[in-house]
Amino acid sequence: MEAFVQEKPAEELKPPITEIGVIGWIRNNLFNGWFNSILTVVTFFVIWKIVPPFFRWAFVDSMWDTTGKACRAGTGACWSIIHSNFRFIIFGFFPYDQQWRPLLAMFILFGLLFYSRDRSHWSKYLGYSWLVGLFVMGLLMKGGLFGLESVESTKWAGLPLTLLLSVFGLTAAYPLGVVLALGRQSQMRGVKWLCVLYIELIRGVPLISLLFMSSIIFPLFLPEGITINKILRAQVAIILFTGAYIAEVVRGGLQAMSRGQYEAAESLGLNYYLTMRLVILPQALKIVIPPTVSILISAFKDTSLVVIIALWDLLKTTQSVLSNPQWMGFSREAYIFIAILYFLGCFSMSNYSRKLEKELSAGER
Amino acid sequence: MATSQNEAFIEKVPFWLDPKKRAIMFQIFIFCMVGLLAYYLVSNTMANLQKQKIATGWGFLNKESSFEIGESLISYSAASSYGRALVVGALNTLKVAFIGVVITLILGTVIGVARLSSNWLISKLAAIYIEVMQDIPVLLQLFFWYAIFYESLPSPRQALCPVSGLYLCNRGVAFTIPEAHPAHKYMLLALAIGCVVVYVIRRWAKKRQDLTGKIFPIFRVGIAIIIGAPLMVWLAFGAPTAMNAPQLVGFNFKGGITVSPEFIALLLGLVLYTAAFVAEVVRAGIQSVSKGQREAAMSIGLRPPLVLNLVILPQALRVIIPPLTSQMLNLTKNSSLAVAIGFPDFVSVANTTINQTGQAIEGVALIMAVYLVFSLSTSAFMNWYNKKVKLVER
């Protein structure tokens, strides 16, 4: 009997060409099954019908640096409306030769945001630099000190106003929200009842009704002779509104804390304030960072509502350009432009929130 | 001994260190502060109102409104009262909210499922849609659609006509409806009766299945009854097929139904925006059901539709419904942005009322009250439904 010995290594069979590489990918991801195949073909057809004409309209036939009249003669998009009115759309009525100030303020804001993005930079000093930064931004906008020309707040407009409303809105709404959430979780019936009433009342009504209240009723609340400017009033409405939403988010974090944490703090002899300050809040607030960022996103989007009470935010400056007879009829281009601005802002925030969520949950494992 | 010592110790605690009494004092303090603030605001307001000679009260509701409202579900003219105008506004808000919610649910579910599709192209397109729509303010979207309508569409005389009987122009969309006929009333009645019958049969079928295990083809029979009953009535009336097509008369369309550009822009903006959020909710809900559930269901021999119906959906719905409720409420609240594009919803009518009568406090209070009623009743209904679909854990 002779033993069989395989002398040559067996020939390696390659997987069939239809299962690997580009073809395999296409088969597995686009044409697996008759239903998906039909879907893919139909989708490609629709894309083919929509995208090339849009591309042609937006880039090939478009005009970038012409007058409105020239645009009307053409068939493509009229991006000249942005090009010619760029500074008005962004800065509104801010004095033309002083517009470097809001620009610088925005750079400071973006710089701080960019620096705060990394969690290893989070420290007490970052908090202080935010406070200083906010103060400097306010100073740059308002002027009147250090030889800066004073600018009336009625002239604040455009992107700086949008950013101001959302950044200050969230900064002030955050402590309010935390206090409300603590009140809602409180053992004291009366306090709890008040906080629930406030939160549910605010969350049940649209922001626009609060803005109306700020613009029409709020002046009646104040004693004679005292007036508060429109921007501040709208800002108060946004803070009161956002605060209720933040309270609900923070409540989620507080409820996620196990009883053991409270009991441990109690057994150490900490009082309520120290329990919250040292044990509960640091953990609870950390859990709710991602949903807080989504509140920031919606607060940023919601600032666009101040158009309705005639504040000159980004949307309003754009609309006023559109009401100029020379540029009438190019709403699509103008709205697409500011949609891109809003999209960039929100998209970077939501991307950041997703990244943060991953990092934070990685720490848990 | 020990207890008496304890008692003595407790007695020694002064009242400002007793947590219970402290809590009571703290609450009294808070209530006093809130009360003082309220008193301060109210007294200021009263003084200001007196100075500006504005009479408070609800008397204005009975006065003649003397403004026109573009579209209304009930009869209304400029001679009607402010109260009636506000009812018209509230009904318009409800109309937008109801139609919007129905379309949003369908579109959002489709996109959410598409996001999970094994088809790469579909899934990526859904992802792009969700991301883009979520990141653009809804007000901007409303302005955009409204601008598309009044800038890009032609006047009624050159109206676009993609399908016969459907006209698109800058005055809105006009489409054909069946000519009014007495049969329609009875068809509606037949539909309602059909729904009740199907409900009864369903209960009976479920009971029978629980007792005997026999399955009744409830889906097919139900569809047959719901479609069949009105169809029979229609045939019994001699199958009236007269159509009421829109005709160009003068500068506008007569006949058929014309939907205003404001309404369409509002609906389009709200639906496209909210559907992105609903899609995310649906996706998260479906993903929350573990893979093992599907595999277990398939291994006991259920067919794919039954797997979805009996195993996946009941569990996914439990996760989906609470966030879905808040999205539906968001849509209702966002419908108040109609005021920006001139659709006569409640906020818009109330705003006009405030401007004409100067009754700012009453007007804003009404706006808040109406939306609170909408919100609270919707969340009450959804809580009830949520309890119903909740899995009973044994």
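Helices are DSSP runs of H or I with at least four residues, and strands are runs of E with at least two. By this assignment, chain A has 15 helices and zero strands. The model is predicted.

The overall dimensions of chain A were examined next. The radius of gyration of chain A is 28 Å, whereas a compact globule of 365 residues would have a value near 21 Å. Along the principal axes, the C-alpha atoms of chain A fill a box of roughly 115 × 80 × 40 Å. Buried residues make up 30% of the 365 residues of chain A. Contacts in chain A were also sorted by sequence separation. Of those between residues at least 6 apart in sequence, 67% join residues at least 24 apart.

A:Met137 gives a local view of chain A. This residue sits in helix α6 of chain A, which spans residues 124–142. A:Met137 has 24 other C-beta atoms within 10 Å. The threshold for burial is 20 or more, so A:Met137 is classed as buried. Leaving aside residues up to four places away in sequence, A:Met137 touches A:Ala105, A:Ile108 and A:Leu109. A further pairing involves A:Pro160, 23 residues from A:Met137 along the chain. The C-alpha atoms of A:Met137 and A:Pro160 are separated by 9.9 Å.

In chain B, B:Leu105 was examined in the same terms. B:Leu105 belongs to helix α3 of chain B, residues 82–115. B:Leu105 has 19 C-beta neighbours inside 10 Å. Burial requires 20 or more, so B:Leu105 counts as partly exposed. B:Leu105 and B:Ala279 lie 174 residues apart in sequence. Their C-alpha atoms are 8.7 Å apart in space.

The two chains meet in a contact that takes 41 residues from chain A and 45 residues from chain B. On the side of chain A that touches chain B, the elements giving two or more residues are α2 (34–60), α8 (189–204), α9 (207–221) and α15 (331–364) of chain A. Of these, α15(A) gives the most, with 10 residues. Sorted by class, this side of chain A has 27 nonpolar residues, 12 polar residues and two charged residues.

Methods
Residues numbered from 1 in each chain as written. Chains lettered and ligands numbered in written order. Predicted model: local features only at pLDDT ≥ 70, side-chain atom pairs only at ≥ 80, totals over all residues. Buried ≥ 20, exposed ≤ 12 C-beta atoms within 10 Å, placed from the backbone. Contact = placed C-beta atoms within 7 Å. Nonpolar A, V, L, I, M, F, W, Y, C, P; charged D, E, K, R; others polar. Rg over C-alpha atoms; globule rule 2.2 N^0.38 Å.
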